[in-house]
Amino acid sequence: MQQEPEKSSSFRKTQVNTTTSTDNVVGKDSSIDSVLSLTDLVNVQSINPSIFVDLKYSTTDNFMKMKLYERLKTAYLQKDVAERLSKCQAYLSSIDSSLHLLIYDAVRPVSTQAKMWKALDSIPSKERGKYVSNPANKSLHNFGAAVDLTICDSKGKALDMGAQFDEFNEIAYPTMEAHFLSKGLLTQQQINNRKLLRKVMKSQGFRNLPTEWWHFNACSRNDALTKYKILDKEPKL
Ligand SMILES: [Zn+2]
């Protein structure tokens with residue numbers, strides 16, 4: 001932890017929150033933040049350059065139609081999570097060498113989560129949780145222990161999953177696939193594409209959310225709390 005990480009593979013001088021208490025809330029600087037660095041967060045592509053990245057929140061191509069990341073341009077995850085994802089890519093390549101994992105979002109600072117939450121403040125908070133996690137309840141994305149992703153071809157073209165990333169309707173629910181297939185609103189090919197993604201992610205113990213075909217958790221929230229630190233703010237890269 002003392003070692004200065006390489007700039008290309010890790011965040012430097014990042015500000016982190018080592019507790020989950022509300023004393024150290026978003027936007028509040030504390031001296032502990034400035035002396036800690038997140039040496040365990042790594043650039044996924046430094047572990048496996050075959051994994052493609054298109055961070056949707058660093059562009060306006062997302063459900064908020066807003067650029068939410070000011071500096072974050074690529075995918076960072078906890079090192080052990082990135083290593084597991086690298087094995088998923090190897091497994092996918094062994095099935096079809098033309099296919100790649102394509103990451104839409106990885107570590108997400110709590111400050112960004114708060115920005116999303118605030119931008120949707122016209123929606124009552126009870127309802128809002130359907131679209132964005134309440135920043136008070138830390139998301140596994142805040143630890144770099146969750147990843148949003150799809151599969152793409154060698155040119156970066158995403159496979160057809162039958163619903164877009166960040167689609168909030170039931171058509172995006174893995175639990176509703178049989179229903180939508182019977183209604184003719186999802187094709188067997190679209191479901192097979194989702195199944196392929198689940199199969200490669202499950203091979204390394206990632207767990208899919210029942211309401212988002214693209215979201216995979218690397219561990220439980222309790223495990224994350226004991227193993228990892230939370231990224232409070234976008235680091236200065
Ligand atoms: Zn997600």
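Trainee: Which strands does helix α3 lie across, and at about what angle does it run to β5?

Mentor: This is a predicted model, in which local features need pLDDT of at least 70 and side-chain atom pairs count only at pLDDT 80 or more, while totals for chains, interfaces and linings use all residues. Residues are numbered from 1 along each chain as its sequence is written. Helices (H or I, at least four residues) and strands (E, at least two) are DSSP runs, numbered from the N terminus; axes are lines fitted to C-alpha atoms, for helices over the stretch in contact (C-beta atoms, placed from the backbone, within 7 Å), and angles run from 0 to 180 degrees between N-to-C directions. Here α3, residues 79-95, lies across β5 and β6, at about 140° to β5, whereas α8, residues 188-202, lies across β6, β7 and β8, at about 130° to β6.

Trainee: In what order do the strands form the sheet?

Mentor: Strands pair if DSSP finds at least two bridges between them. The open, mixed sheet has 5 strands in the order β3-β5-β6-β8-β7. β3 and β7 stand at the edges with a single partner strand each, so one side of each lacks a neighbour in the sheet. Strands β5 and β6 run antiparallel, joined by 5 bridges, and H100 stands opposite C152 in β6.

Trainee: Which residues of α3 are buried?

Mentor: An α-helix has 3.6 residues a turn, so residues three or four places apart point the same way. Buried residues (20 or more other C-beta atoms within 10 Å of their own, C-beta atoms being placed from the backbone) in α3 are V81, A82, R84, L85, C88, Q89 and L92. They cover an arc of only 160° around the axis (taken from the directions from the helix axis to the C-beta atoms), which puts them on the same side of α3.

Notes:
Two residues are in contact if their C-beta atoms, placed from the backbone, lie within 7 Å. A residue is buried if 20 or more other C-beta atoms lie within 10 Å of its own, exposed if 12 or fewer, and partly exposed in between; C-beta atoms are placed from the backbone.
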